[in-house]
Amino acid sequence: MNKRILIATVSLLCLSLFSARARQGDTVRYYATGDPYEGLRQAQVQRKMLLVEFYAPWSTASRWTSEHVIGHPDLRQFLSENFVVVRVETDTPDGASLAADYQVTNYPAVVIFTYDGNVIDKTTESFDREDFSKYLLGIVLSSRRSSTLLGNLLGATEYGPGYDDMLEEYSMRYLTSELPEVIATPVSWPLFENQAITHFYTPAFDYLIAHIDLMRENIGRRKVDELIRMRLYEGAMPEVVGAAEYSAPTFESIGLIARKLNLPDSLVYREMEHTARARAEGNYSRFVTGIGILVDVVPEHLVFPLALSLNAVAGDPDKSIRSAAVKIIDRIEHPLGDRLLPRLKARLK
């Protein structure tokens, strides 16, 4: 009798061990890799999103989610068609370091990336399988719909100048197609980086300013603020160099945005306004003084247009003004300077 019990017990133990190994084998086959960098490489090759599960074995919720939600057989086909799935073991030094990089402190935790490594979303919710399916489906559909509209919009920029109305129409269609939480992500960031679409007074620029907190949070404050700074400079430049008539409201808007966002260039924008107004009023002494200040503080790609704008004083009878302009030109170094700046100096003299 005892022998029979022993045999039965051994049989059950073998069966349990086999089942555990089978489940472990399923898990190994299910996750593409435990290395998120290898997972990202696979995602790039397959043009899929990367789903990273941060797994904490000490967390009951994390273990349950891994086994019954992310690892559920009913989800595997959908996941494999749309994602490369990686599980990061956070009880290892590398896993803990990666979790810290993405500020994962609660479990279960899932972070979804584009195939080029930008974060689409992060969640620490304890989904059941049905809700997690809906969550993933929403991300997939949003990505497909947004990618199509975004592709059309970015493609329209290839038509070149003269298509501003079309670009504005496409911008509005895209920007109103999703909630700000979807638009303010790395997936959409190329739209805002494209100067043909996002420049001062365009719908995309206004959208960027209106959702600045969300943009800074999702894209990064430094990156967002740098783009806005450049767009404000580029918005002011036409009036400084005389390519557009001076307009006080333009500079009022620029100054308001700079102060509201606490940008470091407020004084420079103010000097640009003073310089543009001096030019418009024919006060060329103040205009030249302003150009002399600005060439030392504006972004490098704007220095050469500022220098060329000194052509406005070539006909001024006041030799001291022309001499001051020549001294400014002598400070300018630019690849086109050897050809154009000597001609301008000759006109000023």
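Author: What follows describes the cavity first, then its lining, and then some other local features of the chain. The model is predicted.

The count comes to one cavity of 30 Å³ or more. The volume of the largest cavity is about 50 Å³. Its lining is made up of Thr 65, Val 69, Pro 108, Ala 109, Val 110, Thr 123, Thr 124, Glu 125, Phe 127 and Phe 132. Sorted by class, these are six nonpolar, three polar and one charged residues. Helix H3 (60–70) and strand E3 (109–113) each contribute at least two residues to this lining.

Pro 108, one of the lining residues, is found in the loop between helix H5 (93–101) and E3. The peptide bond that joins Tyr 107 to Pro 108 is cis, with omega about 5°. Most peptide bonds are trans.

Two other residues of the lining, Phe 127 and Phe 132, also belong to an aromatic cluster: ring pairs link them with Tyr 135. In the model as a whole, the count comes to 13 aromatic pairs. Among them is the pair of Trp 189 and Phe 192, which is tilted, with 5.9 Å from centre to centre and 35° between the planes. These two residues are three apart in helix H9, so about one helical turn separates them. Trp 189 counts as buried because its relative accessibility is 4%, under the 20% cut-off. Phe 192 is likewise buried, at 0% relative accessibility.

A ring also takes part in a contact with a charge: the charged end of Arg 87 sits over the ring of Tyr 55, 4.1 Å from the ring centre.

Two backbone features remain. Most residues other than glycine have a negative phi. Tyr 201 has a positive phi, near 80°, and lies in the loop between helix H9 (189–193) and helix H10 (203–210). Tyr 201 is partly exposed, with a relative accessible area of 47%. Asn 262 is not a glycine either, and its phi is positive at about 60°. Asn 262 lies in the loop between helix H13 (248–260) and helix H14 (266–281). With a relative accessible area of 62%, Asn 262 counts as exposed because the cut-off is over 50%.

Notes: Residues are numbered from 1 along each chain as its sequence is written. This is a predicted model: local features need pLDDT of at least 70, side-chain atom pairs count only at pLDDT 80 or more; totals for chains, interfaces and linings use all residues. Side-chain values use heavy atoms; hydrogens and water are left out. On a 1 Å grid over the protein atoms alone, a cavity is a set of points where a 1.4 Å probe fits but cannot get out, and a pocket is an open set with protein on both sides within 12 Å along at least five of seven lines; lining residues have an atom within 4 Å of a point. Grid points are joined across faces, edges and corners, and a volume is the space filled by probe spheres set on the points. Helices (H or I, at least four residues) and strands (E, at least two) are DSSP runs, numbered from the N terminus. Ala, Val, Leu, Ile, Met, Phe, Trp, Tyr, Cys and Pro count as nonpolar, Asp, Glu, Lys and Arg as charged, and the others, Gly among them, as polar. Buried means under 20% relative accessible area, exposed over 50%, partly exposed in between (1.4 Å probe, protein chains only). Rings of Phe, Tyr and Trp (its six-membered ring) pair if their centres lie within 6.5 Å; planes under 30 degrees apart count as stacked, over 60 as edge-to-face and the rest as tilted. A charge sits over a ring if NZ of Lys or CZ of Arg is within 6 Å of the ring centre and within 35 degrees of the ring normal.
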